[in-house]
Amino acid sequence: MVKVDEDTCIGCGSCVSVAPDIFEMNDSGKAEVIKDEDTKEAKQAEDVCPVDAITV
């Protein structure tokens with residue numbers, strides 16, 4: 001399961017850069033999961049998130 005804590009997310013977009021098939025930016029400027037898959041890319045996005053808002 002892939003989750004984004006929207007309260008923690010700062011909207012930097014690093015997760016979208018690393019895993020565009022899994023994340024997108026919503027209308028609030030926060031990351032949102034569009035495909036809940038525990039993949040290598042999802043784990044990379046978790047690693048690059050500067051505020052640890054992503055959990056895989």
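A salt bridge is a side-chain nitrogen of Lys or Arg within 4 Å of a carboxyl oxygen of Asp or Glu. By that criterion, the structure described here, which is a predicted model, holds one salt bridge.

**The salt bridge**

The partners are Asp38 and Lys43, whose side chains meet with a distance of 3.0 Å from N to O. Asp38 counts as partly exposed because its relative accessibility is 46%. Lys43, at 40% relative accessibility, is therefore also placed in the partly exposed class.

**Charges and surface**

The accessible surface of the chain amounts to about 3500 Å². Carbon and sulfur atoms account for 42% of that surface.

**Overall fold**

Two helices and four strands make up the secondary structure of the chain. Along its principal axes, the C-alpha trace spans about 25 × 20 × 20 Å. The radius of gyration is 9 Å, which agrees with a compact globule, because a globule of 56 residues would have a value near 10 Å. Of the 56 residues, 29% count as buried. Among contacts between residues at least 6 apart in sequence, 45% join residues at least 24 apart.

**Val33 in strand S3**

Val33 belongs to strand S3, which covers residues 31-33. Its relative accessibility is 26%, so Val33 counts as partly exposed; the buried class is not reached because that class requires a value under 20%. Leaving aside residues up to four places away in sequence, Val33 touches Val2, Lys3, Val4, Ile22 and Phe23. Val33 and Gly11 are 22 residues apart in sequence, and their C-alpha atoms are 13 Å apart in space.

**Accessibility of the residues discussed**

The table collects the accessibility values given above for individual residues.

| Residue | Relative accessibility | Class |
|---|---|---|
| Val33 | 26% | partly exposed |
| Asp38 | 46% | partly exposed |
| Lys43 | 40% | partly exposed |

Notes: Residues are numbered from 1 along each chain as its sequence is written. This is a predicted model: local features need pLDDT of at least 70, side-chain atom pairs count only at pLDDT 80 or more; totals for chains, interfaces and linings use all residues. Side-chain values use heavy atoms; hydrogens and water are left out. The radius of gyration is taken over C-alpha atoms; the globule rule is 2.2 Å times the number of residues to the power 0.38. Buried means under 20% relative accessible area, exposed over 50%, partly exposed in between (1.4 Å probe, protein chains only). Contact means heavy atoms within 4.5 Å. Accessible areas come from the Shrake-Rupley method with a 1.4 Å probe; for residues, only the protein chains shown count as cover.
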